Amino acid sequence: MTEKTAPSGYDFALDRALKALHDEGRYRTFIDIERRRGQFPHAVWTRADGSEQDITVWCGNDYLGMGQHPVVLSAMHDALRATGAGSGGTRNISGTTVYHKQLEAELSDLHGKEAALVFTSAYIANDATLSTLPRLFPGLIIYSDALNHASMIEGVRRNGGQKRIFRHNDVSHLRELLAADDPAAPKLIAFESIYSMDGDFGPIAEICDLADEFGALTYIDEVHAVGMYGRRGAGVCERDGLMHRIDIINGTLAKAYGVMGGYIAASAKMCDAVRSYAPGFIFTTSLPPAIAAGAAASVAHLKTDQALRDLHQERAAVLKLRLRGLGLPIIDHGSHIVPVHVGDPIKCKMISDRLLSDHGVYCQPINFPTVPRGTERLRFTPSPVHTPPMMDALVRAMDDLWSHCALNRAQAAG
Ligand SMILES: Cc1ncc(COP(=O)(O)O)c(C=O)c1O
């Protein structure tokens, strides 16, 4: 049988698209790494020629090392042994198990909401919920922060409703946009608690004030905060005593919780409506029970493990202090994320490549479109399992490479 080949015009179009990425220095190369349970952030990098090198992962989002926590692994092993691999169906058709129900109960309790709804990822949770809301609230206008994550942008973009984009964290601009619209129109403000690329916080209280004034619903993405902020790890809204002012909270189970999946937490009626109308929830197989069990164990554990949260914050503060001490332009908004501004895609990739090959330090370059052109950066994510000697090695390597690339030793940029 001969393989069908596309007419040459299609090949040409693909070549052109890929060449554009190479030319701009933002073609993405995936690094083949294998984590070893119990040894994270150590991992093994397999090069293209098949040879292996020990590396330390400095750019992962397993922020607290929960991906190898015994409590999580044991819950997953138990569920796997008890039920097997997949869930075998959508939530509606045989795919709702006791593990999914337990996870949703943990999450609604975490956020102090009546209900929670689990999706296969926070991307899907954002996209499915935001694209469904105009069906529930005809005429809905969504006010979306300009730097919202791609999953929110996608949901808002294709929902067929009206949208307004307010300048990042600019509550005056948001007010102007709200005031310009029909006071009777249903409204929703969508924003994040921590923006992952700069590590800056959203003005949650001010946005909630505006929502009250203009009768709008509030939708917050706490993906980079859940597990890590607040007394029980419910995020920045919990830390700041604002959870009750948010109508829909979105979170992930894949970052600080170390497993996979995403969710919304909201009123019972809101969750029921999204459950009943959102194609991204309805028409897809539910999470494997073992994943749901591991995530539930992780959420439950982090409700009480404040020591882990404290250590996480301490490691981030120390790394920032040390990089700033070298005069590197770190972006510091007081969160756990440590971005170092390079501002050039080629140099950013070069530093990343040399960190990996010469120093065994893995930090993926962050280029356009994830961040605007000219703001390319390395984004370090120190965790409680990154030890002081690992940090010494990273700081030495950054010092060398910064000089090697003749980059400025600027003042801190945050
Ligand atoms: C702000 C934000 N929201 C949502 C997501 C999607 O999360 P998940 O990996 O669970 O799909 C991400 C992923 O990086 C994110 O940064």
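**Questions on classification in a predicted model**

User: Why does aspartate 344 count as partly exposed?

Analyst: The structure is a predicted model. In it, aspartate 344 has 25% relative accessibility.

User: Where does aspartate 344 lie, and how far in space is it from glycine 374?

Analyst: Aspartate 344 belongs to the loop between β13 (338–341) and α13 (345–359). Its C-alpha atom is 5.8 Å from that of glycine 374, although the two residues are 30 apart in sequence.

User: What makes serine 94 count as exposed?

Analyst: The relative accessibility of serine 94 is 55%. Exposed means over 50%, and serine 94 therefore counts as exposed. The residue is placed in the loop between α2 (70–83) and α3 (98–111). Serine 94 also has a positive phi, about 75°, although it is not a glycine.

User: Why is asparagine 169 called partly exposed, and what is its phi?

Analyst: With a relative accessible area of 22%, asparagine 169 is partly exposed, because buried applies under 20% and exposed over 50%. Its phi is near 60°, a positive value in a residue other than glycine. Asparagine 169 is found in the loop between β6 (162–166) and α6 (171–180).

User: How do you know whether leucine 302 is buried or exposed?

Analyst: Its relative accessible area is 0%. Since the limit for buried is under 20%, leucine 302 is buried. This residue lies in helix α11, which covers residues 289–302.

User: With which residues is leucine 302 in contact, leaving aside its neighbours within four places in sequence?

Analyst: A contact needs heavy atoms within 4.5 Å. Leucine 302 is in contact with Leu64, Met66, Gly227, Arg232, Gly233, Ala256, Tyr257, Leu308 and Arg309.

User: How many helices and strands does the chain have, and what makes it as compact as a globular protein of its length?

Analyst: There are 14 helices and 16 strands in the chain. Its radius of gyration is 22 Å, close to the 22 Å that the globule rule gives for 414 residues, so the chain is as compact as a globular protein of that length. Along the principal axes, the C-alpha trace spans about 60 × 60 × 55 Å.

User: What share of the chain is buried, and what share of its contacts joins residues at least 24 apart?

Analyst: Buried residues account for 51% of the 414 residues. Of the contacts between residues at least 6 apart in sequence, 71% join residues at least 24 apart. The chain exposes about 18,500 Å², of which carbon and sulfur atoms supply 55%.

User: What does the UniProt record annotate over residues 54–397, and what is the helix and strand content there?

Analyst: The unreviewed UniProt entry carries the annotation "domain: Aminotransferase class I/classII large" for residues 54–397. Over that range the chain is 43% helix and 17% strand, and the end C-alpha atoms are 16 Å apart.

Key: Residues numbered from 1 in each chain as written. Predicted model: local features only at pLDDT ≥ 70, side-chain atom pairs only at ≥ 80, totals over all residues. Heavy atoms only, no water. Helix = DSSP H or I, 4+ residues; strand = E, 2+ residues; numbered from the N terminus. Rg over C-alpha atoms; globule rule 2.2 N^0.38 Å. Buried < 20%, exposed > 50% of the residue type's maximum accessible area, 1.4 Å probe, protein only. Areas by Shrake-Rupley, 256 points an atom, 1.4 Å probe, with all protein chains shown as cover. UniProt positions renumbered as here; feature names shortened; annotations may be inferred.
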